[in-house]
Amino acid sequence: MHGGRVPTSEDAQDQATTPWWRSAVIYQVYPRSFADGNGDGTGDIAGLRSRLGHLAGLGVDALWLSPWYVSPLADGGYDVADYRDIDPAFGTLDEAEALIREAHTLGLRVVVDLVPNHCSEQHPWFQAALTAGPGAPERELFHFRAGRGENGEQPPNDWPSHFGGPAWSRTADGSWYLHMFAPEQPDWNWENPEVRAEFLSVLRFWLDLGVDGFRIDVTDHLVKEDGLPDAAGHHHRPHPWRDQEGVHEIYRSWRKVLDSYPGDRAFVAELWEQDPQRFARYLRQDELHTAFNFPLLRSPWSAAGFRAVIDATLAAHAPVGAPATWVLSNHDTTRHVTRYGRADTSYDFDRAARHGLPVDLVLGTRRARAAALLMLALPGSAYVYQGDELGLWEVEDIPDHLRQDPTWLRSGGVDRGRDGCRVPLPWEGEEQPFGFSPERASAAPWLDVQPDGWRELSVAAQTGAPGSHLELYRRALRLRRTLPGLGDGPMRWQDSTPEVLDFTRPDGFRCVVNLGPEPTPVPAEATVLLASGELVDGALPPDTAVWLRELRERRDL
Ligand code: NOJ
């Protein structure tokens with residue numbers, strides 16, 4: 001492969017003035033499965049507060065909390081019944097406030113999840129709309145329509161729900177309402193000014209409580225194409241339910257609210273947009289600060305694939321001046337230890353086709369370690385999903401009757417769903433649930449399927465163990481903080497063989513990742529800062545990454 005400088009927007013950032021979110025490592029907490037403080041089997045704020053030391057010690061800069069709001073948990077909390085309060089299963093608003101305060105004291109920023117496309121069917125406004133009946137103004141807050149067919153017995157259009165089945169459900173009075181996800185998640189009508197005003201107020205509510213930012217759920221879905229046309233034969237890009245022009249105006253109004261608060265606060269968009277130019281439009285200066293960049297997560301384990309993704313990402317972000325973000329796993333996707341241990345290492349939403357295929361966990365783990373060093377060396381900010389730091393794998397053999405993800409039921413059992421990456425974390429001890437719940441808990445974990453093998457992967461078991469996954473993350477994160485060349489800023493590819501990624505960052509930093517089947521020489525005139533696996537006779541073995549400090553000075557960055 002040929003070398004070359006990759007242009008980035010912030011070539012000469014002044015460290016002192018760089019906002020935190022341009023370089024931050026953000027840890028995703030899925031509250032239900034992080035730590036159970038009160039022993040009822042569900043993770044909660046008390047558990048999270050008791051484990052904040054782990055996160056501060058890990059060396060991350062911020063936390064992103066998946067939804068903790070009042071919710072019937074039809075979709076793990078992405079069905080919100082009250083945007084201004086905490087679900088009793090997770091705790092209270094006072095505890096949330098205390099958590100934010102304590103996190104700040106430890107130097108951790110807090111980003112909360114905002115779910116603006118839909119709410120829960122239990123949201124009082126949806127309940128009021130149901131009661132009010134056809135034609136009532138309360139129904140204007142959602143997408144209610146008459147059905148098609150002689151007796152209105154068919155859905156108003158042909159849109160599919162992302163969770164399987166039609167995107168419409170019928171109410172007792174015969175009308176239909178739109179839900180792009182589960183029927184328990186009615187879509188808000190963003191053409192309605194009351195909806196817009198409500199979300200501005202919700203933003204303020206959490207900003208007043210001290211949060212440092214928001215992760216925005218399905219960012220591009222809020223505005224639907226006028227008239228809700230059928231998708232079949234629809235020739236405009238994209239689908240009529242997403243990436244409509246009108247959505248940008250909403251985010252401009254949100255940005256104004258955020259900017260009216262002191263300090264650095266940021267939005268991160270959940271955006272599965274594949275067209276880099278369309279993606280970058282959300283990151284224009286007066287819109288959102290960052291967006292999850294999923295192409296790395298989707299990419300197979302291949303030097304050419306990764307390199308193409310990195311180049312395309314940086315090229316798309318540069319014109320709008322936004323930093324890239326890097327993600328390997330989250331609560332919706334198969335854990336990457338498992339992905340990288342399969343013959344097909346890419347990710348797509350056709351989970352059903354891949355479920356249960358043979359997995360080499362040793363290989364997957366080895367690659368996951370290398371991927372961590374790659375990701376943390378790239379320009380921009382990075383995300384760590386809870387358990388990534390422990391090297392957890394996807395739990396695939398969950399008994400069907402324990403599966404809770406709505407995608408499982410809605411797909412008629414075709415899609416095994418996302419429960420396998422949401423299994424409660426192992427913290428310590430010899431017995432399940434490995435410290436997830438306190439001793440003498442009153443209930444088993446809500447998803448009681450931790451593998452036995454996680455005994456060796458618990459935080460306590462890995463702490464201080466030389467070469468453990470957790471210690472690798474700790475060292476990498478510690479180094480990342482001290483090395484001025486990492487985080488936001490430029491990178492330059494160095495010449496390498498096709499199966500090797502080799503790039504430099506400012507201040508003498510160099511990262512080499514060997515994705516090929518043969519060992520590759522480690523560049524001379526450099527000292528090893530950290531390696532994801534042991535070097536053999538000074539060479540970098542397959543599926544291994546190394547961080548180096550170069551001894552000679554470069555002037556090309
Ligand atoms: C994306 C979230 O990450 C996912 O968990 C959820 O099911 C959908 N959005 C719907 O809110």
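Modeller: The largest pocket holds about 830 Å³ of space. Before we go on, this is a predicted model, where local features need pLDDT of at least 70, side-chain atom pairs count only at pLDDT 80 or more, and totals for chains, interfaces and linings use all residues. Residues are numbered from 1 along each chain as its sequence is written, and side-chain values use heavy atoms, with hydrogens and water left out.

Biologist: OK, and what counts as a pocket or a cavity here?

Modeller: Both come from a 1 Å grid over the protein atoms alone: a cavity is a set of points where a 1.4 Å probe fits but cannot get out, while a pocket is an open set with protein on both sides within 12 Å along at least five of seven lines. Lining residues have an atom within 4 Å of a point. Grid points are joined across faces, edges and corners, and a volume is the space filled by probe spheres set on the points.

Biologist: Which residues lie nearest the centre of the largest pocket?

Modeller: His-162, Phe-181, Val-218, Trp-272 and Phe-349, out of 31 lining residues. By class, that lining splits into eight nonpolar, nine polar and 14 charged. For the classes, Ala, Val, Leu, Ile, Met, Phe, Trp, Tyr, Cys and Pro are nonpolar, Asp, Glu, Lys and Arg are charged, and the others, Gly among them, are polar.

Biologist: And the second largest pocket, what volume does it have?

Modeller: About 340 Å³. It has 18 lining residues, with Trp-20, Ser-23, Ala-24, Asp-61 and Arg-481 nearest the centre of that pocket. Its lining has eight nonpolar, six polar and four charged residues.

Biologist: Which element gives the largest share of that lining?

Modeller: Helix 16 (residues 469-482), with three residues. Helices (H or I, at least four residues) and strands (E, at least two) are DSSP runs, numbered from the N terminus.

Biologist: How many cavities of 30 Å³ or more are there?

Modeller: Five. The largest cavity has a volume of about 100 Å³. Among the residues lining the largest cavity are Arg-342, Arg-351, His-355, Glu-394 and Arg-416. The class count there is one nonpolar, four polar and six charged.

Biologist: Switching to the ligand, which residues are around it?

Modeller: Asp-75, Tyr-78, His-118, Phe-163, Phe-181, Arg-215, Asp-217, Glu-270, His-331, Asp-332, Arg-418 and Arg-422. To be near it, a residue needs a heavy atom within 4 Å.

Biologist: Where is Gln-244 found?

Modeller: In the loop between strand 10 (213-216) and helix 7 (247-259). Gln-244 is at 13% relative accessibility, so it counts as buried. Buried means under 20% relative accessible area, exposed over 50%, and partly exposed in between (1.4 Å probe, protein chains only).

Biologist: What does the side chain of Gln-244 reach?

Modeller: A polar atom of that side chain lies 3.2 Å from the backbone oxygen of His-239, and 3.1 Å separates a polar atom of the Gln-244 side chain from the backbone oxygen of Arg-242. Leaving aside neighbours within four places in sequence, Gln-244 is in contact (heavy atoms within 4.5 Å) with Val-223, Lys-224, Glu-225, Pro-238 and His-239.

Biologist: Which residue in that loop has a positive phi?

Modeller: Leu-228, which sits between strand 10 and helix 7 and has a phi of about 45° although it is not a glycine. Asp-507 also has a positive phi, about 60°, and is not a glycine.

Biologist: Last one: where is the cis peptide bond?

Modeller: Between Gln-432 and Pro-433, with omega about 10°. Pro-433 is in the loop between helix 14 (406-410) and helix 15 (459-462).

Technical notes:
Polar contact = N/O pair within 3.5 Å; in protein donor to acceptor, adjacent residues only side chain to side chain.
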